[in-house]
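Work through the exercises below with the model open. Try each task before you read its solution.

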Amino acid sequence: MLVLQEALQGAKRGKALDVGTRLGEFAFRLAEAMPEGSEVIGIDKDPAAGEKAREIFAKKGLQFQVMNGAAMEFPDGIFEAVSLSNTLHHIENYEAVLSEMLRVLKPGGYFILNEMYQDNQNAAQQVHAAQHTLEAKLDCLLGDYQRETWTRAEIVEIFRKLPLVEVSFTDFQEEALYDAKLEVKNRKLADEVEKIAGRPEYDALKKEALDIQERCRRYGIQRCTQLLCVGRKR
C-alpha cells in the first residue's frame, strides 16, 4: 500500500499496533510500511475470529491477540505506530478507543486512521455506501453495533480533535479485487435480510436489499473512497 508507505517514511523500527484488526487486512499493510525488523501486533475483541486470525497472522510473521481496544493490556508509550482501519463506524464509544491508542503510542509516534466515506462518490460507489448502510441496520437489529458510513468532513473533524501534529489527509481508491468481494456480498444481500424475518422492519429492508441489488446490476459496485489520516503524537 504505497500511500501508507509514503506516510510512514519517518517511522522508526519498533512495535506497531493495529486495533480492530479482524483477519489482519490492514495489519499486513502496516507491516509492509514499517521499517524492516519491526514487530506488528493486531488486536480484536471478537474471540470468534481469534483462532482463524492467529493462524493467518502466524503465516505472515505477525502477532494476534484478543483484546478490547477500549481497555488495552499494554503499558504506556510502547508503540511507534498505531492504526485503526475501517473500524471506526463499528465502535459506539470510539473516543475511548482513540484515547487508548494515544496512551500506548510513543511521543512522536504515528497515529493512523483509515476510513471509507460516503459522500462525493460515483454511482458504483454509492451502491457500496447503500449496501453498507443496510448491513449496518441489520447488524444493529441483530444485537451488534454499526453505524452508517461517515462523511469525509465527519472523519476529518474526529481526527483533528486528537492531540497530534504533522497531520495529513490522503484520499485513495482500493484495488479492484476488493470490488469483486463486494459484488459477491451483494449477491447475498437479500438473503441476509432473512435473518430478521418476522420483525416489523423486514418488508422495508427486503425491498431496500432488492433495490440495491438492482442498482448493482445497473451500475456495478466499487468500494467507497478511503481517507488515510496520519498524525504524530505530541
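Ala, Val, Leu, Ile, Met, Phe, Trp, Tyr, Cys and Pro count as nonpolar here; Asp, Glu, Lys and Arg count as charged; the others, Gly among them, count as polar. The model is predicted.

**Exercise 1. The second largest pocket**

Task: Find the volume of the second largest pocket, then describe its lining.

Solution. 
- Step 1. Take the volume. The second largest pocket holds about 260 Å³.
- Step 2. Go to the centre. The pocket has 13 lining residues, and E25, R29, E174, E175 and Y178 are the closest to its centre.
- Step 3. Sort by class. Six lining residues are nonpolar, one is polar and six are charged.
- Step 4. Trace the elements. At least two lining residues come from each of α1 (2-7), α2 and α7.

**Exercise 2. The largest pocket**

Task: Which element gives the most to the lining of the largest pocket?

Solution. 
- Step 1. Start with the space. The largest pocket has a volume of about 1600 Å³.
- Step 2. Look at the centre. Among the 48 lining residues, R22, N86, H89, H90 and Q146 lie closest to it.
- Step 3. List the contributors. α2 (25-33), β2 (39-44), α5 (123-141), α7 (176-187) and α8 (189-193) each provide at least two lining residues.
- Step 4. Pick the top one. α5 gives the most, with six residues.
- Step 5. The lining of the largest pocket has 17 nonpolar, 15 polar and 16 charged residues.

**Exercise 3. The cavity**

Task: How many cavities of 30 Å³ or more are there, and what lines the largest cavity?

Solution. 
- Step 1. Count. There is one cavity of 30 Å³ or more.
- Step 2. Name the lining. It consists of D18, V19, G20, T21, R22, E25, F26 and S85.
- Step 3. Assign elements. β1 (15-19) and α2 each supply at least two of the residues.
- Step 4. Classify. Two lining residues are nonpolar, three are polar and three are charged.

**Exercise 4. Strand β2 and its partner**

Task: In which sense do β2 and β3 pair, and what is the hand of the crossover between them?

Solution. 
- Step 1. Read the pairing. β2 and β3 (residues 63-66) run parallel, with four bridges.
- Step 2. Check a position. D44 is opposite V66 of β3.
- Step 3. Follow the chain. From β2 it passes through helix α3 (residues 50-60) to β3, a right-handed β-α-β crossover.
- Step 4. Stay in β2 and take I43, a residue of this strand. Its relative accessibility is 1%, so I43 is buried; the cut-off is under 20%.
- Step 5. Find a contact across the sequence.

**Exercise 5. An aromatic pair**

Task: Are the rings of F28 and F57 stacked, edge-to-face or tilted?

Solution. 
- Step 1. A pair of aromatic rings is described by the distance of the centres and the angle of the planes.
- Step 2. The model has six aromatic pairs.
- Step 3. Apply the angle. The ring centres of F28 and F57 are 5.3 Å apart and the planes meet at 55 degrees, so the pair is tilted.
- Step 4. Place the residues. F28 sits in helix α2 and F57 in helix α3, 29 residues apart, and the pair links distant parts of the chain.
- Step 5. F28 and F57 are both buried.
- Step 6. F28, F57 and F64 make up one aromatic cluster.

How values were computed
Residues numbered from 1 in each chain as written. Predicted model: local features only at pLDDT ≥ 70, side-chain atom pairs only at ≥ 80, totals over all residues. Heavy atoms only, no water. 1 Å grid on protein atoms, 1.4 Å probe; cavity = no way out; pocket = protein on both sides within 12 Å on 5 of 7 lines; lining within 4 Å. Points joined across faces, edges and corners; volume = space filled by probe spheres on them. Pairing = 2+ DSSP bridges. Right-handed = clockwise from strand over helix to strand, strands pointing away. Phe/Tyr/Trp six-rings, centres within 6.5 Å; stacked < 30°, edge-to-face > 60°. Buried < 20%, exposed > 50% of the residue type's maximum accessible area, 1.4 Å probe, protein only.
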